[in-house]
Amino acid sequence: MRFTPPSSRRWDGSLVQARARRSLRVSSDSASRLLRCGQSDRCRDCGNLIEWYHRTAGRPVRLHPHELPAEKVLVACHWHVSCGVAHPASDGSGWCRLPHAMLCPASDALPAAPELAGLRRVLAVNTRRLIDSGAFVPPSVPPSTKASPMTTCRPTRPVVQLLYVRYLAPRPVDEIQCVAQTCRRHRCTSPLLPPDAPAGVWTLLPTTAAHGQLPLLGAVMAVYVLTGLPYAEQLRWRAQRCPEHAAIPTAADVAVAEWETFDPLVHHEHIHTRLPTLTRRQGPTGRSRKTTQL
Ligand SMILES: [Zn+2]
Ligand SMILES: [Zn+2]
């Protein structure tokens, strides 16, 4: 039996033109590195589809996945998307986008425009359908009411300070995952904190409130402080990229960075008044240290 190499000609003699595969790249001057496939998600409160978009300032915004007739939405609520970035204004066309928060049936607030009440009812019916079919489980008990002594020692959503801003992390520090796309087009599974990378320091800091309010007298909270790290390292953490993908600026993102700006009034259940006692994961050298420097 002999292996026959594939012929470069078809049966009728015409040449087969094999297309060279192009690897996906994001322009280095692009305002957003988030791929379109990374924008779709479901609202954690109601289970309906949303789309994440970066905006020029602030956290990414969740938009309703469809355009709406502009005349049915208050002008102050108009959004549009340009070059992958969401802008809180009209683009002059007859259509506009809308933040999901204005339609979310899990919210008590009614839509500002009465014309949108019908769409909110459709989303509410869809939520009920998802719950009945078991496809969606609404968030029920706040994490603080079911916290065990173990979770008290290891915050499930720690407060992280980087670039002099405090953020609420999506999960424990050593479990935060890179958002970049690998060459196999999957989400990178590397952690932000590999064993050999410089780590932050758990510190008790005043529970400073947001919006310029004064801290509560004597109130302190455990914060994972990264401000002692080099500026480039803090940028890497803010972009939620592992060291390998931080070195590849053209690699795309398949998920939105999950940092949430920390507000002690909103996120009070995530405030811990004592330092966690943690053991850092073992690296390739097998070294491990029980410390408050995760
Ligand atoms: Zn919702
Ligand atoms: Zn990565």
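So, 37% of the 294 residues in this protein are buried, where buried means under 20% relative accessible area, exposed means over 50%, and partly exposed is in between, using a 1.4 Å probe on protein chains only. Before I go on: this is a predicted model, so local features need pLDDT of at least 70 and side-chain atom pairs count only at pLDDT 80 or more, while totals for chains, interfaces and linings use all residues. Residues are numbered from 1 along each chain as its sequence is written, chains are lettered from A and ligands numbered from 1 in the order written, and side-chain values use heavy atoms, with hydrogens and water left out.

Okay, the overview. The protein has four helices and 14 strands; helices (H or I, at least four residues) and strands (E, at least two) are DSSP runs, numbered from the N terminus. Take the contacts between residues at least 6 apart in sequence: 58% of them join residues at least 24 apart. A contact here is heavy atoms within 4.5 Å.

Now the metals. Which residues hold the zinc ion called ligand 1? They're Cys43 (SG), Cys46 (SG), His100 (NE2) and Cys104 (SG), at 2.1 to 2.3 Å. Donors, by the way, are N, O and S atoms within 2.8 Å of the metal (3.2 Å for Na, K and Ca), and water is not among the atoms, so sites may look incomplete. Along the sequence, the spacing of these donor residues reads C-x2-C-x53-H-x3-C. The site is tetrahedral, with angles of 98 to 118° among the four donor atoms. For four donors, tetrahedral requires all angles to lie between 85 and 135 degrees. Cys43 and Cys46 are both buried, and for Cys46 the relative accessible area is 1%. Compare Cys83, which counts as exposed because its relative accessible area is 72%.

On to the zinc ion that is ligand 2. Its protein donors are Cys178 (SG), Cys188 (SG), Cys242 (SG) and His245 (ND1), lying 2.1 to 2.4 Å away. Why do we call this arrangement tetrahedral? Because the four donor atoms subtend angles of 102 to 115°. The spacing this time is C-x9-C-x53-C-x2-H. Cys188 and Cys242 are both buried.

Next, a sheet. It's an open one of five strands, ordered S10-S11-S8-S9-S12, with mixed pairing. The edges are S10 and strand S12 (260–261), each pairing on one side only. Two strands pair if DSSP finds at least two bridges between them. S8 and S9 run antiparallel over four bridges; Gln161 stands opposite Arg166 in S9, and Val160 faces Tyr167 in S9. Their hairpin has two residues between the strands, and Leu163 there takes a positive phi near 50°. S9 also pairs with S12, antiparallel over two bridges, with Leu168 partnered by Glu260 in S12. S8 and S11, on the other hand, pair in the parallel sense over two bridges, and there Val160 has Tyr224 as its bridge partner in S11.

Here's a handy rule: in a regular strand, side chains alternate between the two faces of the sheet. Look at S8: Val159 and Gln161 point one way, Val160 and Leu162 the other way, and all are buried.

That takes us to the inside. The largest nonpolar core has 17 residues, and those touching the most other members are Val160, Leu162, Val173, Tyr224, Leu226, Trp237 and Trp259. Strand S8 (159–162) and strand S11 (220–225) are the elements giving two or more residues to this core. Another core, of nine residues, lies apart from it and includes Cys77, Cys96, Leu98 and Leu123. A nonpolar core is a set of buried Ala, Val, Leu, Ile, Met, Phe, Trp, Tyr and Cys residues joined through side-chain atoms within 4.5 Å.

Conventions:
Four donors count as tetrahedral if all angles lie between 85 and 135 degrees; four count as square planar and six as octahedral if opposite donors are over 155 degrees apart and all others between 65 and 115; anything else is irregular.
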